[in-house]
Amino acid sequence: MRTAYSVETVRAAERALMARLPEGALMQRAAAGLAAACADVLRGRGRVYGARIVLLVGSGDNGGDALYAGARLARRGAGVRAVLTAPGRAHAGGLAALLAAGGRVTDGPADTAGDGPSDAAADVVADAWGGHVDLVVDGVTGIGGRGGLRPGAAALVRAFAATGAPLLAVDLPSGVEADTGEVLGDAVRADATVTFGTYKPGLLVDPAAELAGALRLVDIGLGPELPAVPDLEALQYADVAALLPVPGGGSDKYRRGVVGVVAGSARYPGAAVLAVSGALRGGAGAVRYVGPGADAVIACHPETLVHTGPPSKAGRVQAWVVGPGLGDGAEAAGAVDDVLATDVPVLVDADGLRLLDAAAVRARTAPTVLTPHAGEAAALLGVAREEVEAGRLAAVRELAARHRATVLLKGSTTLVAAGTGDAPVRVNPTGTAWLATAGSGDVLSGLIGSLLAAGLAPRDAASVGAHLHGLAARLAADGAPVAAQDVAEAIPAAWRDVGA
């Protein structure tokens with residue numbers, strides 16, 4: 001499992017570790033790992049000896065890490081030039097080490113208005129081997145940075161990015177918010193990020209995560225100093241495999257879990273089919289369907305148990321899914337209220353999110369899972385969609401707290417937050433842009449519903465469902481366009497892939 005900690009927690013752990021180590025040892029560990037990562041990139045492009053490296057160096061410890069790493073690479077025969085974005089405030093020890101190893105130092109452009117920084121940055125690039133650079137290392141700001149890059153640093157980043165050289169960020173891309181994943185101004189777009197000790201939330205949550213590129217974690221001995229409970233976590237294959245509900249020899253359809261699906265309408269019968277597809281392929285022992293799409297559902301899935309309604313009269317279920325394609329009429333609203341009044345886990349999606357009574361959700365004693373996309377989350381919170389997309393971590397936490405429910409916020413990085421307790425927010429690592437297709441959310445709802453019916457806790461059901469859903473989309477697409485039903489049909493293959 002990947003775990004991430006806040007800046008405050010990381011700083012405290014670093015202080016505790018440094019108190020037990022010789023002065024400068026922690027930075028040397030980070031620099032050694034960074035230099036090794038740089039060498040791997042350079043070997044992929046040719047060799048370390050004779051390579052031309054530019055370090056963009058700020059005033060903090062990340063700049064010191066970059067300078068010490070540059071000194072190591074210079075001693076291996078690379079040409080290294082440090083460009084200082086805060087002249088006079090660079091790490092003194094790192095600067096001395098680089099100069100002693102034969103590196104060169106240049107001041108970057110001043111933080112002035114207009115085209116001055118851009119013109120000065122172009123001159124700096126031209127002075128660095130005529131712009132023929134093999135690697136750029138971003139050490140401008142560290143995890144304590146706030147807001148976007150200043151004009152001079154932003155101009156440098158743009159100018160060196162234009163050379164086409166790979167850009168490797170130190171700890172996290174400069175200009176992103178380490179704790180939230182927000183991007184509040186100009187920021188580095190890295191090809192790879194080397195982070196130290198532990199992941200930071202901004203490396204796992206968009207929009208910042210999109211700027212981080214490939215992630216590489218360098219162990220600097222911080223683990224024993226970190227709390228047992230992280231701020232953020234991302235399940236990996238082994239974690240998901242351990243949670244998969246696999247039937248035993250004594251299982252029958254009821255022990256495997258019966259999920260009820262209230263979805264679809266005369267206008268959107270396909271939503272019913274897709275939600276039932278997700279539930280059936282997610283391992284449900286049986287699916288009870290309630291709604292006007294019974295003919296379409298039976299035509300595609302004859303094993304489905306259909307009922308005209310209301311949901312409370314449909315028969316025994318271990319979990320309900322309500323909302324996909326339901327519409328907004330009085331009958332739809334009544335169905336949502338009926339389902340929320342039950343004493344089994346309930347997942348609410350799509351139209352159900354617009355129709356639910358927040359007070360009724362908070363009053364439930366059985367678990368509730370809400371699965372909004374950014375637009376639906378914005379409506380529930382009473383804010384603009386752009387605010388949710390810019391601050392996804394804050395949005396999912398606020399939604400979970402307001403409704404006392406588990407919330408799965410769909411999007412470029414799917415987040416799962418529990419409504420009670422101190423459980424970390426979970427980030428799904430398997431998402432893919434191929435899921436941006438009509439009906440894929442309906443499939444996800446049915447899949448999570450089947451996992452709830454099988455007995456998984458709501459946070460686990462949402463996390464495992466998102467993981468399998470993303471993996472199924474990757475398997476179904478394989479680099480080509482994919483439809484929601486293709487994703488549903490690939491869920492068993494994703495299950496096998498995880499469980500293998």
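User: How do the residues lining the largest cavity divide up?
Analyst: They divide into 5 nonpolar, 4 polar and 1 charged. Here Ala, Val, Leu, Ile, Met, Phe, Trp, Tyr, Cys and Pro count as nonpolar, Asp, Glu, Lys and Arg as charged, and the others, Gly among them, as polar. Before we go on, this is a predicted model, where local features need pLDDT of at least 70 and side-chain atom pairs count only at pLDDT 80 or more, while totals for chains, interfaces and linings use all residues. Residues are numbered from 1 along each chain as its sequence is written, and side-chain values use heavy atoms, with hydrogens and water left out.

User: Which residues line that largest cavity?
Analyst: The lining consists of L235, T414, V416, R426, V427, N428, P429, S463, A466 and H467. Two elements give two or more residues each: β18 (425-427) and α19 (458-477). Helices (H or I, at least four residues) and strands (E, at least two) are DSSP runs, numbered from the N terminus.

User: Which one gives the most?
Analyst: That's α19, with 3 residues.

User: And what volume does the largest cavity have?
Analyst: About 60 Å³. A search of the whole structure finds 1 cavity of 30 Å³ or more. A cavity is a set of points on a 1 Å grid over the protein atoms alone where a 1.4 Å probe fits but cannot get out, and lining residues have an atom within 4 Å of a point. Grid points are joined across faces, edges and corners, and the volume is the space filled by probe spheres set on the points.

User: Back to α19. How does α18 sit against α19, and at what angle do they cross?
Analyst: The axes of α18 (residues 440-453) and α19 cross at roughly 135° and come within 9 Å. That makes α18 oblique to α19; angles under 35 degrees count as roughly parallel, over 145 as roughly antiparallel, 65 to 115 as roughly perpendicular and the rest as oblique. Axes are lines fitted to C-alpha atoms, for helices over the stretch in contact, and angles run from 0 to 180 degrees between N-to-C directions.

User: What's in the contact between them?
Analyst: From α18 there are S440, V443, L444, L447, I448, L451 and L452, and from α19 there are P458, A461, A462, V464, G465, A466, L468 and H469. Contact means heavy atoms within 4.5 Å. By class that's 12 nonpolar, 3 polar and no charged. A466 of α19 turns up in this contact and also in the cavity lining.

User: How about α10 and α20, what angle do they pack at?
Analyst: About 10°, with the axes of α10 (residues 269-281) and α20 (residues 484-499) 8 Å apart. That makes α10 roughly parallel to α20. L274, S277, G278 and R281 of α10 meet A484, Q485, A488, E489, I491 and P492 of α20, a set with 5 nonpolar, 3 polar and 2 charged residues.

User: New topic: where is P207, and is its peptide bond from D206 cis or trans?
Analyst: P207 is in the loop between β7 (192-196) and α7 (208-212). The bond from D206 to P207 is cis, with omega near 10°.

User: What about W129, is its phi positive or negative?
Analyst: Positive, about 55°, although W129 is not a glycine. You'll find W129 in the loop between α5 (116-127) and β5 (135-139). For context, most residues other than glycine have a negative phi, and most peptide bonds are trans.

Key:
On a 1 Å grid over the protein atoms alone, a cavity is a set of points where a 1.4 Å probe fits but cannot get out, and a pocket is an open set with protein on both sides within 12 Å along at least five of seven lines; lining residues have an atom within 4 Å of a point.
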